[in-house]
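Have the model open while you read.

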Amino acid sequence: MSLVPTAELPWYRITWDRAHDAHRGGAFDEHAPLVEELLERIRDGGPLSSTDLEPRAAIDWYWRPTNQVRALLEALAESGLLAISRREGNRRVYDLTERLFPATLLAMHVPPDEQLRHKLLSRYRGHGLLGATGDSTLWMGLGKAPERRAILDQVVATGALLPVEVTGLRGPRFILSQELSILEQSECEVADEVARGRPARPGGVAQGVAFVAPLDPLVWDRDLLTRLWGFDYRWEVYVPAAKRRWGYYVLPVLYGDRFVGRIEPRIDRAAATLRVAGLWWENGFDPLGGGDGSFVAAFAAALRAHRDFAGLTRITFPAAGRHRPLVKAVRVLL
C-alpha cells in the first residue's frame with residue numbers, strides 16, 4: 001500500500017476498473033441485493049462502516065471467511081464506487097467516491113496503457129534499483145509477466161528508464177532517466193571519499209542507523225537484499241508463531257550502507273515504554289567494534305527517534321547477558 005497525491009488519481013483508476021470487472025462477475029452478482037442496500041444507505045445516510053449494520057453470514061474472502069457487509073464494502077471500495085472517508089482505529093468508514101474526490105479528477109480518463117506505464121515507473125521510482133523480474137508482490141496490479149514485460153520494453157525504448165549494470169549481479173537493473181544525476185553524484189562522492197582515504201560515504205555524511213519498516217521500498221525486493229547485501233529477510237507477521245525464525249514484527253537494522261542486524265521493537269502505550277523484545281546481529285558484525293562508538297551513538301539515536309515518534313518515555317532491553325555491554329553503552333547516551 002502506498003500514498004500518492006490525489007492529483008495522480010486518473011493514472012491509477014485502472015485498478016478500480018479491473019477490480020470492478022472482476023467483482024461484477026462474482027461478488028456483486030452473487031450478493032446484488034446487499035450491494036444495492038449498502039450503496040443506498042450511504043447515498044441517503046452518509047458514511048458507513050461494517051459495524052453500523054448487523055453482520056450477515058460469512059462468505060469466503062481473500063484470507064478467510066468474512067462478514068458479508070465488511071467484504072462487500074471492501075469490494076465496492078476496490079472498484080471505485082466507494083472510498084475510505086476516514087478511519088476510526090482499525091475501522092474503515094466508507095463514503096461515495098464522488099463525494100471524496102474533485103469532480104474534475106473523476107472526469108479525467110487516461111488511456112489504460114498510459115496508466116500502466118505510469119504505475120510501472122512508480123515502482124522503479126519507489127525502490128530505486130529494481131530489475132525486470134522478482135517476487136510477484138513487486139508487480140501486483142501490472143498484469144501478468146508478458147504484459148508487464150511489454151510495458152517495460154516501452155518505457156526503456158522511450159528513455160524513461162535506463163538499464164544499469166551492478167557488479168556481481170546478473171541482468172540489468174533499471175533507474176529513472178531523470179535520476180541518473182543522483183547515481184552519478186553518489187559515485188563521484190564515494191570516489192572522492194576513497195581518494196581521501198576515508199570510508200566510502202556519499203557526501204561525507206556520517207553513517208546513521210535506521211530500523212527499516214517491513215514494507216519500506218528498500219526491502220521490496222527480497223532477492224536483491226540477499227544477492228547484493230547478503231541479508232536474508234522475511235517479514236514473519238503472517239508466519240505461524242511456531243515457524244517463525246525471528247519474531248512477529250522484526251525490522252532490519254541498516255547502518256550506513258550495511259544491513260547489520262534485526263530488532264523487534266514493541267510499543268507498550270499503557271506503560272509508555274518502547275520494549276526491545278529482541279536483537280540479533282549479522283555474522284561478523286560487532287556493535288561495540290571500531291573503538292570510536294559510532295555505531296552505539298547512531299543506534300541510540302535511532303532508538304530515541306522510535307521512542308519519541310510513538311510518544312513514549314522509556315526504553316527497555318532484552319535481559320540476555322550477551323546484550324549487556326551494548327545496553328550499558330546505549331543507556332549512557334539515552
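1. I get 18 salt bridges in the structure. Keep in mind that this is a predicted model, so the distances below are computed from predicted coordinates.

2. Start with glutamate 88, which has two arginine partners to look at. Its side chain meets that of arginine 86 in a salt bridge, with N to O at 3.0 Å. Arginine 91 also forms a salt bridge with glutamate 88, and here the N to O distance is 2.1 Å.

3. Next, glutamate 282 and arginine 262, whose side chains form a salt bridge at 3.5 Å, N to O. The glutamate sits in the loop between β10 and α11 while the arginine belongs to strand β9, so this pair ties together parts that lie 20 residues apart in sequence. Is arginine 262 buried or exposed? It is buried: its relative accessible area is 2%, and the cut-off for buried is under 20%.

4. There is also a network to check: Glu37, Arg41 and Arg56 are joined into one by salt bridges that share partners.

5. On to the nonpolar side. The largest nonpolar core has 25 residues, and the members that touch the most others are Val209, Phe211, Ile263, Phe299, Leu303 and Val330. Which elements give two or more residues to this core? They are the strands β7 (209–211), β8 (251–255), β9 (258–268) and β10 (273–281), plus the helices α11 (294–309) and α12 (324–333). The largest share, seven residues, is supplied by α11. As background, nonpolar side chains in soluble globular proteins tend to be buried together.

6. Neighbours within four places in sequence aside, valine 209 contacts Val253, Leu254, Tyr255, Phe295, Ala298, Phe299 and Ala302.

Notes. Residues numbered from 1 in each chain as written. Predicted model: local features only at pLDDT ≥ 70, side-chain atom pairs only at ≥ 80, totals over all residues. Heavy atoms only, no water. Core = buried A, V, L, I, M, F, W, Y, C linked by side-chain atoms within 4.5 Å. Buried < 20%, exposed > 50% of the residue type's maximum accessible area, 1.4 Å probe, protein only. Helix = DSSP H or I, 4+ residues; strand = E, 2+ residues; numbered from the N terminus. Contact = heavy atoms within 4.5 Å. Salt bridge = Lys/Arg side-chain N within 4 Å of Asp/Glu carboxyl O.
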